[in-house]
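Please open the model in your viewer and keep the sequence panel beside it. The stops below are meant to be selected in turn.

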Amino acid sequence: MDAEKRLILVLMGPPGCGKGTQAKMLTETFGIRQISTGDMLREARAADSEIGRRSSVFMDAGTMVPDEIVIDLVAMRIQNRDCAGGFILDGFPRTLAQAQALDEMLGHRKLAIGQVLFFDVPDEEIVVRITGRVSCVLCGKIYHTTFNPPPTADTCACGGYLLQRPDDNVTTVTSRLAAYRESTEPLVRYYTDKGILATIHGGGSTIEQVSGRVMERMAAITGAR
Ligand code: AMP
């Protein structure tokens, strides 16, 4: 596929804003890969790799894993053949240094971000969303025990077992929100200045309503490509 036809999306917003759920919807709709640095770090941790061991302490505390670790992970990942048609970055970049590193790695390959989707959700909703969130160990589908309940308390539609992430608790959420405000929120300005950011209102909305807003935005950019 031509470099300029590759669809490269960045999904950003506070923890629990729904970017993982919307990334899955976009993956199915456009047939491009979701690259979640959080998932990659959890996999590294489960495999007890060096990256996993170095990242654990930060993840448990709800703080940022050092830039050089995540930048290297993403730089390697986007070279895979399965990213040839484009990809969706979910949870990266989260700092200015990561955003600049991403610009550089894409620039070297004559690629560019097509759209940054910023999911705006008020803090008071975040805690409720995160503390009720469970996901499937097999297919990764995300549920909410109240707002998007699974078929049974501990089973996904695919039959996989549902687990709550260890960092999805009230104490860690507070640190994650503080890290987000300090390091990630400034990227809203960074991408607004580049003219590639669209704000998607996620507060007080169903998954379907948010998906509808995302698809409206996608129609605007894919129609223009
Ligand atoms: P997430 O699944 O996106 O909520 O990420 C879970 C945790 O992984 C975060 O709280 C961070 O500790 C770490 N993490 C994920 N992505 C990044 C990133 N781009 N930069 C730094 N830390 C990250």
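Is Ser 36 buried or exposed? Ser 36 is buried, because its relative accessible area is 8%, where buried means under 20% relative accessible area, exposed over 50%, and partly exposed in between, computed with a 1.4 Å probe and protein chains only. This is a predicted model, in which local features need pLDDT of at least 70 and side-chain atom pairs count only at pLDDT 80 or more, whereas totals for chains, interfaces and linings use all residues. Residues are numbered from 1 along each chain as its sequence is written, and side-chain values use heavy atoms, with hydrogens and water left out.

**Stop 1**

**Stop 2**

Five of them form an open sheet with parallel pairing, in the order 2-3-1-4-8, two strands being taken as paired if DSSP finds at least two bridges between them. Strand 2 (33–36) and strand 8 (197–201) stand at the edges and have a single partner strand each, so one side of each is left without a neighbour in the sheet. On average, neighbouring strands of this sheet are turned by 20° against each other, direction ignored; the axes behind this value are lines fitted to C-alpha atoms, for helices over the stretch in contact, and angles run from 0 to 180 degrees between N-to-C directions.

**Stop 2: strand 1**

Now select strand 1, residues 7–12, which pairs with strand 4 (residues 115–120) in the parallel sense over four bridges and with strand 3 (residues 86–90), again in the parallel sense, over five bridges. To follow the pairing residue by residue, select Leu 9, whose bridge partner in strand 3 is Ile 88, then Leu 11, whose bridge partner in strand 4 is Leu 117, and then Met 12, which stands opposite Phe 118 in strand 4.

In a regular strand the side chains alternate between the two faces of the sheet.

**Stop 3: the ligand**

Which residues are closest to the ligand? Of the 17 residues that surround the ligand, the closest are Thr 37, Arg 42, Thr 63, Gly 91 and Arg 94, a residue being counted if one of its heavy atoms lies within 4 Å. Helix 2 (37–46) and helix 3 (50–61) each supply at least two residues of this shell, and the largest share, four residues, comes from helix 2.

Zoom in on the individual atoms. A backbone N or O atom of Thr 63 lies 2.6 Å from an oxygen atom of the ligand, an N or O atom in the side chain of Arg 94 is 2.8 Å from a nitrogen atom of the ligand, and a polar side-chain atom of Arg 165 lies 3.0 Å from an oxygen atom of the ligand. The protein covers 96% of the 480 Å² of accessible area that the ligand has on its own, with areas taken from the Shrake-Rupley method.

**Stop 4: backbone geometry in the loops**

Most residues other than glycine have a negative phi, and most peptide bonds are trans. Select Pro 93, in the loop between strand 3 and helix 5 (96–108): the peptide bond from Phe 92 to Pro 93 is cis, with omega near 0°. Move on to Asp 48, in the loop between helix 2 and helix 3, which has a positive phi of about 55° although it is not a glycine and which counts as partly exposed at 47% relative accessibility. Finish at Lys 110, in the loop between helix 5 and strand 4, where phi is near 55° and the residue counts as exposed at 71% relative accessibility.

Notes. Polar contact = N/O pair within 3.5 Å; in protein donor to acceptor, adjacent residues only side chain to side chain. Areas by Shrake-Rupley, 256 points an atom, 1.4 Å probe, with all protein chains shown as cover.
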